[in-house]
Amino acid sequence: MSSRSVADGAAGSSEVIDYYANKLPDVMRKYGPGPRVHFHLGLFPPGERPNTSVPRETLRKRLIEAQENMLDFAAETWGVSANPPQRILDVGCGFGGGAIYWAQRCGAAVTAVTNVPGHVPVVRELATAANVSHLVSPVVMDANELAVPVRHDAAVAFESVCHLDRRRAFAAVAAALRPGGWFALEDHFLLRDEWAGMINGYYRTNLGTVREYRESAEACGFTLERDTDITDRVLEFWVQSMAWTASELDHAYASKEWPLPEKRLIDSLIAHGRFFRAWRDRAAETRMLLFRLPG
Ligand SMILES: C[S@@+](CC[C@H](N)C(=O)[O-])C[C@H]1O[C@@H](n2cnc3c(N)ncnc32)[C@H](O)[C@@H]1O
């Protein structure tokens, strides 16, 4: 496929920052209140299709549980329990759900990198609520140009590298890791070019291919150690998410109360329907990649 150049990555651009800066109310209503608040897809057990004719709160809890499953599965896949990293870089940390998870799971000191200044106090507050404020350090930085004073044992990135300029981002992460350190990410990849405009336009991303990620990483000394396809397990997340949004709309029409704007909910419902088809048709896929530096 001929995607936009990776150098076009909208990373650090004001459009991406604005997009995420305005997401807090939506994310909190759907995936909050935390303290581990995530903004990424979730995993369902293979073949599981839970009934969607259930109360809205049941759907919401299911989505959050699926997001947590994603982290548990990542930890297991990347061998974190056998060799827990003591210093972790969370690239594109969102509202800090992942950073808090790694601090609690490994007792690690986590540098949580965000490009949205307004997310720093949110991450701090949630880390305090989770009793890990001494371990989680949120910093505002463009992940393409990381400048961290210490070397980390590992870096993780959940659905954030799709926003970045991969050539610069992999180099920046490599420089932030100690020799032998690893960089593991969960992300979406484009298989059919005709979907690029719709997906990238909605999420302000610059989706790439596994090959492009691998080549950018290898140019910085990384070796791809593990490539795990989770597309079939995230597919159900789109369905459950659509069910929650439809239920949110039904509730708002009935009560005449609009915690989230009608247009945003309708746009989300339409987009998620399209994403479901794109993922089911394998126009896009979701994978976990584990890279390691020598040494
Ligand atoms: C889909 S969200 C995922 C957030 C978090 N990793 C999670 O799983 O909950 C993508 C995140 O990447 C961050 N991001 C995008 N471009 C970035 C950049 N250039 N530098 C740092 N963070 C960036 C956004 O602020 C956002 O928090």
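Contact here means that heavy atoms lie within 4.5 Å of each other, and the model to which this is applied is a predicted one.

Q: Against which elements do the buried residues of α7 pack?
A: Helix α7 spans residues 196-203, and within it Ala-196, Ile-199, Asn-200 and Tyr-203 are buried. These four cover an arc of only 90° around the axis, which puts them on the same side of α7. The elements that the buried residues of α7 pack against are α1 (14-21), β5, α9 (231-255), α10 (262-280) and β7 (284-292).

Q: Which residue just after α7 takes a positive phi?
A: Helix α7 covers residues 196-203. Just after α7, a positive phi of about 55° is taken by Arg-204.

Q: Are the planes of Phe-170 and Phe-222 stacked or edge-to-face?
A: A search of the whole structure finds 22 aromatic pairs. In the pair formed by Phe-170 and Phe-222, the ring centres are 6.1 Å apart and the planes stand at 70°. Planes over 60 degrees apart count as edge-to-face, so the pair of Phe-170 and Phe-222 is edge-to-face.

Q: How many residues apart in sequence are the parts that Phe-170 and Phe-222 tie together?
A: Phe-170 is buried at a relative accessible area of 0%, and Phe-222 also counts as buried, at 2% relative accessibility. Phe-170 lies in helix α6 (residues 166-175), whereas Phe-222 lies in the loop between α8 (210-218) and β6 (223-229), so the pair ties together parts whose separation in sequence is 52 residues.

Q: Where in the chain do Phe-189 and Tyr-213 lie?
A: The rings of Phe-189 and Tyr-213 have their centres 4.7 Å apart and their planes at 70°, so this pair is edge-to-face. Phe-189 is buried, with a relative accessible area of 0%, and for Tyr-213, likewise buried, the value is 0%. The pair links distant parts of the chain, 24 residues apart, with Phe-189 in strand β5 (residues 177-190) and Tyr-213 in helix α8.

Q: Which residues do ring pairs link into a cluster?
A: The edge-to-face pair of Phe-170 and Phe-222 and the edge-to-face pair of Phe-189 and Tyr-213 both have their residues in this cluster.

Q: Is Gln-240 buried or exposed, and which backbone oxygen does its side chain reach?
A: Gln-240 is found in helix α9 and has a relative accessible area of 0%, so this residue counts as buried. Leaving aside neighbours within four places in sequence, Gln-240 is in contact with Phe-44, Pro-50, Thr-52, Leu-59, Arg-62 and Leu-63. At 3.0 Å, the side chain of Gln-240 reaches the backbone oxygen of Pro-50.

Q: Which residue has a polar side-chain atom 2.9 Å from a nitrogen atom of the ligand?
A: Of the 21 residues around the ligand, those that come nearest are Phe-39, His-40, Gly-92, Asn-115 and Ala-143. A backbone N or O atom of Phe-39 lies 2.8 Å from an oxygen atom of the ligand, and a polar backbone atom of Gly-92 is 2.7 Å from a nitrogen atom of the ligand. The polar side-chain atom that lies 2.9 Å from a nitrogen atom of the ligand belongs to Asp-142.

Q: Is Asn-131 buried or exposed?
A: Asn-131 has its place in the loop between α5 (119-129) and β3 (136-140). The relative accessible area of Asn-131 is 61%, and since the cut-off for exposure is over 50%, Asn-131 is exposed.

How values were computed:
Residues numbered from 1 in each chain as written. Predicted model: local features only at pLDDT ≥ 70, side-chain atom pairs only at ≥ 80, totals over all residues. Heavy atoms only, no water. Phe/Tyr/Trp six-rings, centres within 6.5 Å; stacked < 30°, edge-to-face > 60°. Helix = DSSP H or I, 4+ residues; strand = E, 2+ residues; numbered from the N terminus. Buried < 20%, exposed > 50% of the residue type's maximum accessible area, 1.4 Å probe, protein only. Arc of directions from axis to C-beta. Near = heavy atom within 4 Å. Polar contact = N/O pair within 3.5 Å; in protein donor to acceptor, adjacent residues only side chain to side chain.
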